[in-house]
Amino acid sequence: MIEFTFTEEQNMLREMVRDFANNELKPIAAKIDEEEEIPEHIIRKVAELGLLGAPYPVEYGGSGVGEVGYCIIQEEISRACLSTATFIGAHVSIGTNAIYIGGSEEQKQKWLPILTSGEKIAAFALTEPSAGSDAFNLQTRAYLDGNEWVINGQKLWITNGPFADVFSVFARTNLGISLFVVEKGTPGFTPGAPEKKMGLRGSKTSSLTFDNVRVPKDNLIGRDGKGFLTAMKTLDAGRLGLGAACLGACKELLEISTRYAKERKQFGEPIANFQAVQFMLAEMAALIYEVESIVYRTAWLYDRGECTPRLSAIVKLVSSNALDVCVDHAMQIHGGMGYSRELPIERYYRDSRINRIFEGTSEIQKLVIARDVIKRNGVLD
Ligand SMILES: Cc1cc2nc3c(=O)[nH]c(=O)nc-3n(C[C@H](O)[C@H](O)[C@H](O)COP(=O)(O)OP(=O)(O)OC[C@H]3O[C@@H](n4cnc5c(N)ncnc54)[C@H](O)[C@@H]3O)c2cc1C
């Protein structure tokens, strides 16, 4: 038999994040969307609560809660505000994680404490104008000139781009793709203006331009030419966090929709009495159970060093599809009110769709899964 329960510490973590999310974040989530800005006091509070470094070991300033703890955080934050979850995800799960996964001990000691404390904010810069799904085709170049790397190129769609302090940047050297740290303010490095997006409006995304950007030799993270492996490993963790964010949003949508279905009367009775509405609630509940099971099982495997790219791709694929169904059902259950900006449903609708696109589209997740299935002749034990 296997035991599958959260520890007391994990339950306490959930309670702490839920308190913050309910009392401080949810009341201003609509404002964050409207003003396209997460207020500074929320960013500071998230840092104070330790959420910007939670999964990392204490020796690097984290709380050592691992991937399961990180998924708990993302689930609870996403119930309140998907923009804030995206800001946290870009900082913790990909921006900082690339350095954690790829860096030497000395580099981790240097960069992680300032990131896990939230003193500096991180971003993960892989995507380029001609390298989205085909990330390996990236064109940003880096060459060594004396004691400095010189970087030239452009990145696109970088979450936290307009304001981050520390960028994990992937660029091509003579030996392959490598990972570099570039700090805000380095001459020749210019973040673009925030993109105007359909959803996740509080989360800022921009291009980055590198025009003969010089960084110290030591800012090459890990070994020259090994950066693509680091990027892929980083995305394995990122995709689990996105699964947890989808889970939180699905749960919130089910709660709001059930409440509404019991209150809203048509034909003289609550719409919750109609089987068509019940079936939508039932399907949402079933999907939530499915997503919850795979998110936490896979996060648990991740913490044991047993997660594989196929598993994290499955989590991303299944959870983003589930959220699409849940948000659509929530909209349908709310009728015209779901379409109104008075209620949060339309915001969730806009915020949710990106989950089938970023950190690898659903089609790319299917490619990752299918490649492994074929390699194993369909035997997945
Ligand atoms: C809001 C937002 C935030 C983001 N944040 C970050 C970030 O922080 N850091 C970062 O590096 N990137 C980030 N991205 C980029 C994101 O990861 C890419 O947009 C995504 O990987 C898809 O790349 P693309 O947009 O170039 O689409 P494309 O690769 O052009 O894909 C277009 C379509 O073609 C399909 N397609 C492509 N190749 C194949 C294939 N081989 N088989 C089948 N179908 C295929 C895709 O699935 C998709 O449907 C972000 C994007 C957005 C929109």
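Q: What distance separates the centres of domain 1 and domain 3?
A: In this predicted model, the centres of domain 1 and domain 3, taken over C-alpha atoms, are separated by 20 Å. The bounds come from an automatic or database domain assignment, and for the protein chain they give domain 1 (8–116), domain 2 (122–224) and domain 3 (228–375). Residues are numbered from 1 along each chain as its sequence is written. Local features need pLDDT of at least 70 and side-chain atom pairs count only at pLDDT 80 or more, while totals for chains, interfaces and linings use all residues.

Q: What makes up the contact between domain 1 and domain 3?
A: Two residues are in contact if their C-beta atoms, placed from the backbone, lie within 7 Å, and the contact takes 24 residues from domain 1 and 25 residues from domain 3. On the side of domain 1 that touches domain 3, the elements that give two or more residues are helix H2 (29–35), helix H4 (66–80) and helix H5 (82–102), and H4 gives the most, with 11 residues. Helices (H or I, at least four residues) and strands (E, at least two) are DSSP runs numbered from the N terminus.

Q: Which residues come nearest the ligand?
A: A residue is near a molecule or strand if its C-beta atom, placed from the backbone, lies within 6 Å of it; of the 22 residues around the ligand, Thr127, Gly132, Ser133, Thr361 and Glu363 come nearest. The shell draws at least three residues from each of domain 2 and domain 3, and strand S1 (122–125), strand S3 (148–159) and helix H12 (362–375) each supply at least two.

Q: Why is the protein chain called as compact as a globular protein of its length?
A: The secondary structure of the protein chain comes to 12 helices and 10 strands. The radius of gyration, taken over C-alpha atoms, is set against the globule rule, which is 2.2 Å times the number of residues to the power 0.38. The chain has a radius of gyration of 21 Å, close to the 21 Å that this rule gives for 381 residues, so the chain is as compact as a globular protein of that length.

Q: Why is Asn160 called buried?
A: A residue is buried if 20 or more other C-beta atoms lie within 10 Å of its own, exposed if 12 or fewer, and partly exposed in between, with C-beta atoms placed from the backbone. Asn160 has 27 C-beta neighbours inside 10 Å, so Asn160 counts as buried. Asn160 is found in the loop between S3 and strand S4 (166–173), and has a positive phi of about 70° although it is not a glycine. Most residues other than glycine have a negative phi.

Q: Why does Glu359 count as buried?
A: Glu359 has 26 C-beta neighbours inside 10 Å and therefore counts as buried. Glu359 lies in the loop between helix H11 (345–352) and H12, and its phi, near 55°, is a positive value in a residue other than glycine.

Q: In what sense do strand S2 and S3 pair?
A: Two strands pair if DSSP finds at least two bridges between them, and S2 (residues 141–145) and S3 pair in the antiparallel sense over five bridges. The hairpin of S2 and S3 has two residues between the strands, and in this hairpin Gly146 takes a positive phi near 65°. S3 also pairs in the antiparallel sense with strand S7 (residues 205–216), over nine bridges, and there Trp149 stands opposite Val215 in S7.
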